[in-house]
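Visitor: I'm new to reading protein structures. Could you walk me through a few features?

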Amino acid sequence: MKELAVIERIPRAERAARQLHRLKGLITRLSERVPLYRDRLRDAGVQPGDIRSLADLARLPFTVKDDFRQTYPYGLLAVPMEEVIRVHASSGTTGKPTVVAYTRQDVDTWSEVMARTLMAGDVGPGDVVHNAYGYGLFTGGLGFHYGAERVGAAVVPISGGFTDRQLMALRDLGSTVLCCTPSYALHLAEAIEEAGLKPKDLKLRVGFFGAEPWTEAMRDALQTRLGIMALNIYGLSEVIGPGVSVECPERDGMHVAEDHFLPEIVDPATLTPVPEGTVGELVFTTLTKEALPVLRYRTRDLTSMTTEPCRCGRTLARIGRIMGRSDDMLIIRGVNVYPSQIEHALLQVADVEPHYLLVVRRDNALDTLEVRVEVGTAVAAAGTAAMEVLAARVRRKIFETIGLTADVSIVPPKTVERSTGKAQRVLDLRK
Ligand code: ADP
Ligand code: ZN
């Protein structure tokens, strides 16, 4: 596994030379093999020979989710079906799922970047990886599975759901690594506490949480309640799945596997690249994917990027926490609100649990936001007056955070539906 670490640490200029070489190869492949890209590159007036530096990326056309829908299911493939050995689909959070395909080499690349992901948390032989990401069409389960095998850890392919059985496995099998969505990790933490267990009764030491937005406050909660180091991971099926980026133990941004996935941040309105550190839309070009390469894929996820050196020694660029996908943003009475801002506020109020649902309605042309949040078990029995005081505290915190008054409903423990995968945080009844 040693040489993988080297790739992550080489000087940026050396990596840029490889990236450029790979980018040129990609443009040639796309223009020869994928009709959509052949047309787009022609319309943009770009020939493979025109790519002289990475800055020329800005001249290339974008790809959007709708391109996948228009060419559904296999229209974007750059190889004949005979070379495809795996098909996955996005979880369909925002509409019809998009189908993605992998050659044998792609599955190998994926295993490599997932191995690097796990190694960022020092996972290797001797570790027991409790993999509660969903196995199936969703990329989370199998992505972590192949990565865990590649680093030589023992993988427990438990998938999502059946929380009692998860608890038994975590304890009895001596799991050291937890892989699942942050919302499900919280649910597991709660179940562990209810079973009368303390973090020291388990061997967990590190968790890889992603696939949905979460906050620093949630990290603090998970680290304390599970007694682990919680690392953020970000990926998406259109690019490969998980394995695109991961935090190192510094926990100060996610390192992008840039040798495979070239990141850019662009202004979502003008589509021009923004300066380092500025928040914009994250865009990826896959440099090595064979079956389904994408050129400047617009993720709709908002974040910023830095190429500042990291204390861990990796020279890979880092992206910040995803602030939300542009289509997650709620506009309530003209104010832009991301569910993660509400989560941040809720985690600052003692006695409520970060299990919540946002219900948006339109009453007489006026938008209203109801925040349904659970009271902690300890204070659940304190009576209505206490609940009103608590609701007022939550309302004030939300107002301080987003500048909007929300209707706060404090609900009994366990009444907000638990997810085993990506949490559904918003019910928008205006549509
Ligand atoms: P879908 O688009 O149907 O949800 P995917 O399963 O491919 O399909 O999910 C990828 C999306 O999940 C990303 O575009 C992003 O919005 C979200 N996501 C993944 N990891 C994170 C993370 N660590 N933080 C915030 N959002 C994330
Ligand atoms: Zn680092």
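Guide: Gladly! Let's begin with burial: a residue is buried under 20% relative accessible area, exposed over 50% and partly exposed in between, using a 1.4 Å probe and protein chains only. Thr 288 has 18% relative accessibility, so Thr 288 counts as buried. This is a predicted model, where local features need pLDDT of at least 70, side-chain atom pairs count only at pLDDT 80 or more, and totals for chains, interfaces and linings use all residues. Residues are numbered from 1 along each chain as its sequence is written, chains are lettered from A and ligands numbered from 1 in the order in which they are written, and side-chain values use heavy atoms, leaving out hydrogens and water.

Visitor: Which side chain makes a polar contact with the side chain of Thr 288?

Guide: A polar contact is a pair of N or O atoms within 3.5 Å; within protein, one must be able to donate a hydrogen and the other to accept it, and residues adjacent in sequence count only if both atoms are side-chain atoms. Here the partner is the side chain of His 260, at 2.8 Å.

Visitor: How many aromatic pairs does a search of the whole structure find?

Guide: Rings of Phe, Tyr and Trp (its six-membered ring) pair if their centres lie within 6.5 Å; planes under 30 degrees apart are stacked, over 60 edge-to-face, and the rest tilted. The search finds 6. One of them is edge-to-face: Phe 68 with Tyr 297, 5.7 Å centre to centre and 85° between the planes. Phe 68 is buried at 5% relative accessibility, and Tyr 297 is buried at 2%.
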